[in-house]
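The sequence and coordinates are shown first.

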Amino acid sequence: MLLPLRSVAAETMEKHLSLRESVTVALENASSLKKAENARQLQGSDVLRSYGGFLPKISASAGYIPSSVSRSYGQNSSGVPYETSRLKTERESVDLSIVTSLNLFNGFRDYATLQSALKSERSAELSVARARQSVAFDVIQSYYQVLLNQEVLAIARENLLTAKDQLTLSERQFHIGLKALPDLYQQQAETARSELSANQAEAQLERSRLELLRRLRLDPRTRLALAPLSPSTLAAEPVKPDIDSLISLGLQNRSDIKSRKLDADAAKWQIRQAASARYPKLDLNVNISTGGIESLRQTIDGSEPISLDYPPLSEQLENSVGYTVSLNMSWAIFDGFQTRYNVEQAKINHLNRRLDYEDLQSDIAIDLQQAALEYRSAAAGIASAKAGLRAAKAAYEAIKRKYDLGASGFVELSTARAALFGAMSTLSQATYNLALQKEVLDYAAGTLKIN
C-alpha cells in the first residue's frame, strides 16, 4: 500500500524561483506568447510574398513523348487524281519551354499590398511585445498573491499558537479555581476557530501556488519555493502620480496602441488594394520554347515503314529555339459591382479599425486614472494599517494583562486578539497591495519591466 505513495513522492519536484526567474520561465512557456510569435512570423512571410508581386513569374515545362502514333489520309504519292493513301506516322519527341510574365501596371495593387503587409508585420511585432508584458504582469500578480498568502498563513498559525497557549493557561487556571468552566469552553471554541482559520489559509496558499504553476506552465506536482521580495520593493516610498503625464506616457509607450494604429493604417492601404481592380492590367509575357524529334517513321498503305533521318536531338534543341514576346492588357469594364463591394468592405474594415484605435485610447486613459486612484488608496492604506496595528497591539497587551489578573472577561480578550491578528493581516495585505499597484501602474502605462 505504501508503494504508490512513495512513487508519487519520488515524482514531486521542488523548484526555487525568484520573481524575475518566474517571469523568465513564464515567457518561455506561455502559449499565448508563442501564438503571438507565430502570427508575427506569418506576417513576415506575407511581406516577402508582397515583395514577390514586383518580380516576374517564371515557369518551366518539359515534355517527353516516347511514342506517338497518328493515322490519316493523304494524296497518293503516284500523283493520280482523286486517289488517297492511308498514312501512319510514328514519332518520339522532346519539348521544352520557359514562360515568364511581368506585371507592368495593375492599378498600384502590388504597392498597396506591400504597404499593408509592412504595417501588419510591425503591428504583429508590437503585439508580441504587449503579450510579453501581459504574461509578465500576470505572473507578477500570482507571485505576489502567493507571498501574501504565505504571510497570512504565518499570521494564522501564530494566532493558532497563541490560542493554544491561552488554552493551556486557561486549563491550569481552571484546575486551580481561577477560571470558570464557561471560560475554558470558550477558549476551546476559540482555539478550534483559529485552527480552522489556519487550515483555510493553508488551502488558500495551495490554490494560489497552483495558479502560479498554471501561469508558469510547470508540472502541477512541482513544489515552489519562492524568494521573498526585496525590502526596497515592499518598503518603497509612495509617489504621487500625475494623471496627465501618465496618460501621455501610456499613449506614447503602450505597444498595443501603436499596434492598433498600424492595423488602421494597413486597413487604409487595403482600400487602395481593392480599388485597383478599376484600372486596366498590363502584363509583359515572354515564351521561349524548343523541341526535337528523336525518331520518325511513316507507313503508306501498309507498305514498309520509311524512317526519316533527323540531326542529333541536342542539335535540334539548340537550333529549334523560338520565342514569343507579347504585351497583354486586360480591363474589367463591368464585373457585377464586385469591385464596388470590395472597396466598401475595405472602407468599413478601415473605419472599424479606427474605432478600435480610438476606443483603446479612451480605455488607456481610464485604466491609468483607475490605476492611479488605486495606487493612492493603497498608499493611504499603509499608514492606516500601521496605525491600526499599533493600536491593536497596545489594546491586546492591556486586556491580556487584565484577563490574566481576572479583571477582564474572555469576550474582551477574544475580541482584542482577533483585532490584533486582523490588523497584522491588514498590514501585510496593504504592503503587498501597494507594491502590486505600482506594477499595475507600470503595466497600464506600458513601462513594466520584464527583465
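The sections below treat the core, the helices and a few individual residues of this predicted model.

## Nonpolar core

The largest nonpolar core holds 73 residues, and Y143, Y144, L212, L216 and L226 touch the most other members. At least two residues of this core come from each of α2 (19-29), α3 (31-52), α4 (109-175), α5 (181-216), β4 (223-226), α7 (243-253), α10 (338-404) and α11 (410-445). The largest share, 18 residues, is supplied by α11.

With neighbours within four places in sequence left aside, Y144 is in contact with L19, L229, T233, Y432, A435, L436 and E439. Another core, of 5 residues, lies apart from the largest one; among its members are I271, A274, V343 and A346.

## Helix lengths and ends

Helix α5 has 36 residues, which should span 52 Å at 1.5 Å a residue. The C-alpha atoms at the ends of α5 are 53 Å apart, in agreement with that expectation. Just after α5, R217 adopts a positive phi of about 60°.

Helix α11 also has 36 residues. From its first C-alpha to its last, α11 reaches 51 Å, close to the expected 52 Å at 1.5 Å a residue. Most of α11 is covered, with 26 of its 36 residues buried. G446 follows α11 and has a positive phi near 80°.

## Packing around α8

Which way does α4 run relative to α8? The two helices, α4 and α8 (residues 255-275), pack at an angle of about 165°, and their axes are 8 Å apart. Because angles over 145 degrees count as roughly antiparallel, α4 is roughly antiparallel to α8. The crossing of α4 and α8 is left-handed.

Helix α8 also packs with α10: their axes come within 8 Å and cross at roughly 170°. The pair α8 and α10 is therefore roughly antiparallel, and the crossing of α8 and α10 is left-handed.

## Residues in α10

R354 is located in helix α10. Its relative accessibility is 28%, so R354 counts as partly exposed; the partly exposed class lies between the 20% limit for buried and the 50% limit for exposed. Leaving aside neighbours within four places in sequence, R354 is in contact with K261 and A264. The C-alpha atoms of R354 and S384 are separated by 45 Å, with the two residues 30 apart along the chain.

E397 also lies in helix α10. With a relative accessible area of 41%, E397 is partly exposed. E397 and R417 are 20 residues apart along the chain, and their C-alpha atoms are separated by 9.1 Å.

Not counting residues up to four places away in sequence, Q133 touches Y443, G446, T447, L448 and I450. One of these contacts, G446, is the residue with positive phi that follows α11.

Technical notes
Residues are numbered from 1 along each chain as its sequence is written. This is a predicted model: local features need pLDDT of at least 70, side-chain atom pairs count only at pLDDT 80 or more; totals for chains, interfaces and linings use all residues. Side-chain values use heavy atoms; hydrogens and water are left out. A nonpolar core is a set of buried Ala, Val, Leu, Ile, Met, Phe, Trp, Tyr and Cys residues joined through side-chain atoms within 4.5 Å. Buried means under 20% relative accessible area, exposed over 50%, partly exposed in between (1.4 Å probe, protein chains only). Helices (H or I, at least four residues) and strands (E, at least two) are DSSP runs, numbered from the N terminus. Contact means heavy atoms within 4.5 Å. The expected span of a helix is 1.5 Å times one less than its number of residues. Axes are lines fitted to C-alpha atoms, for helices over the stretch in contact, and angles run from 0 to 180 degrees between N-to-C directions. Angles under 35 degrees count as roughly parallel, over 145 as roughly antiparallel, 65 to 115 as roughly perpendicular and the rest as oblique. A crossing is left-handed if the near helix is turned anticlockwise from the far one by less than a right angle, and right-handed if clockwise.
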